[in-house]
Amino acid sequence: MLLVKIYYIVKPLLPRKLQLALRKMRIKAKLPLYKNIWPVYRQAGQKPAGWTGWPENKKFALLLTHDVESDYGQDKCERVMAIEERLGFRSAFYFVPERYSVCPVLRRNLVKRGFEVGVHGLKHDGKLYNSRSDFDKRSVKINKYLQEWDCRGFSSPCMLHNLEWTGNLNIQYDISTYDTDPFEPQGGCAGTIFPFCVQGFSNGSYYVEIPYTLPQDFTLFNLMGHTDIDVWIKKLDWIAQHGGMAHLKTHPDYFGFGEANGHREEYPASLYVKFLEYIKDKYTGHYWHVLPNDMADFYSASLTRSANRSIIRPSAILCPTCKRLIEQNSITCFTPFVSNGHTS
Ligand SMILES: [Zn+2]
């Protein structure tokens with residue numbers, strides 16, 4: 001975690017090209033080491049204790065979410081919404097309150113058209129979880145935006161997370177973890193393709209954690225250089241087969257619509273369209289497609305109904321290879337699998 005902190009301190013000084021080159025090199029070096037746990041980590045398909053299935057008897061669940069990184073991404077939200085509306089999907093958009101001016105008209109429009117809005121960190125500077133005292137201060141502000149925007153969901157920038165500290169936030173759910181993604185800075189993983197409950201807070205509160213389960217667009221297309229959606233398809237089919245939750249997190253900032261003045265980090269939005277079409281063509285009638293709010297409601301309700309509740313305490317995140325619990329406050333699994341000799 002110290003390396004992560006240092007990286008985010010020096011990051012503003014590094015040219016963007018160099019930042020990306022370093023991240024690409026890191027992934028290239030790690031990829032062969034993680035082939036047994038990425039993109040599919042088999043143990044993550046295990047159903048939680050007491051699991052009684054998805055509503056309406058659906059085979060698997062489908063969630064689409066978007067972290068909006070900048071003004072540039074905010075300007076593209078309308079076009080992303082239009083794609084999804086045309087194909088019969090809905091999603092949730094998470095905005096950064098203190099990095100750019102979040103448009104209240106867009107927020108209202110999203111909700112009016114059946115989408116959802118949430119909060120994506122506070123400043124997006126990689127420092128949210130640097131210290132407990134800083135987090136406590138920032139969480140007061142985040143709670144203010146959650147209330148002002150009338151939303152209940154949080155998505156942490158850079159996937160940095162501390163599930164115990166997240167208990168400060170007035171949320172019903174969080175989407176800051178993943179079933180498996182060894183390429184994220186923090187390391188470790190939630191190790192499940194199902195939602196789970198984080199509880200154990202002194203005030204008796206809890207929230208639902210909804211890990212993403214399909215590789216992020218930026219990792220796949222920008223850092224790894226894929227030009228097709230084969231990895232998404234492979235993972236989706238595996239999730240469907242195991243009756244889990246397909247949760248795809250993408251970034252409107254990187255959607256390319258073929259414009260001459262497009263950003264160099266864009267990938268063709270047609271890849272996203274292709275993936276949604278694949279889901280429809282292959283699985284229509286078999287998936288429970290909802291917004292994260294609905295997923296959190298469903299899971300909260302199932303907790304009160306079931307005696308065999310699937311509850312994970314804030315510190316109970318497993319390292320996928322060594323099965324050790326990762327201590328949330330020390331995050332022992334940063335570059336864990338190699339340094340500890342757990343390479344699979
Ligand atoms: Zn972000």
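Reader: Which residue in S4 does Val119 stand opposite?
Author: This is a predicted model, and in it S3 and strand S4 (residues 153–155) run parallel, joined by two bridges. Looking across from Val119 to S4, the residue you land on is Phe154.

Reader: And on the S2 side, which residue has Val119 as its bridge partner in S3?
Author: Strand S2 (residues 92–95) pairs with S3 in the parallel sense, over four bridges. Val119 turns up again here, as the partner of Phe95.

Reader: Which helix sits in the β-α-β unit with S3 and S4?
Author: S3 and S4 run parallel, and the β-α-β unit they belong to is right-handed. The helix in that unit covers residues 132–148, and its name is H6.

Reader: How many residues of S3 are buried?
Author: S3 spans residues 116–120 and pairs with S2, while two bridges join S3 to S4. The strand is mostly covered, and the buried count is five of five.

Reader: Let's go to H7: is Asp217 buried or exposed?
Author: Asp217 belongs to helix H7 (residues 217–223). It has 24 other C-beta atoms within 10 Å, and the cut-off for this class is 20 or more. Because Asp217 clears that cut-off, it counts as buried.

Reader: Which residues is Asp217 in contact with, leaving aside its neighbours within four places in sequence?
Author: Start from where Asp217 sits, in helix H7. Skip the neighbours within four places in sequence, and its contacts are Thr250, His251, Tyr254 and Tyr267.

Reader: What separates the C-alpha atoms of Asp217 and Phe255?
Author: Along the chain these two are 38 residues apart. In the model, their C-alpha atoms are separated by 9.2 Å.

Reader: Zooming out, what share of the contacts with a separation of 6 or more comes from residues 24 or more positions apart?
Author: The protein has eleven helices and 14 strands, and buried residues make up 40% of its 344 residues. For contacts with a separation of 6 or more, the share from residues 24 or more positions apart is 75%.

How values were computed: Residues numbered from 1 in each chain as written. Predicted model: local features only at pLDDT ≥ 70, side-chain atom pairs only at ≥ 80, totals over all residues. Buried ≥ 20, exposed ≤ 12 C-beta atoms within 10 Å, placed from the backbone. Contact = placed C-beta atoms within 7 Å. Pairing = 2+ DSSP bridges. Right-handed = clockwise from strand over helix to strand, strands pointing away.
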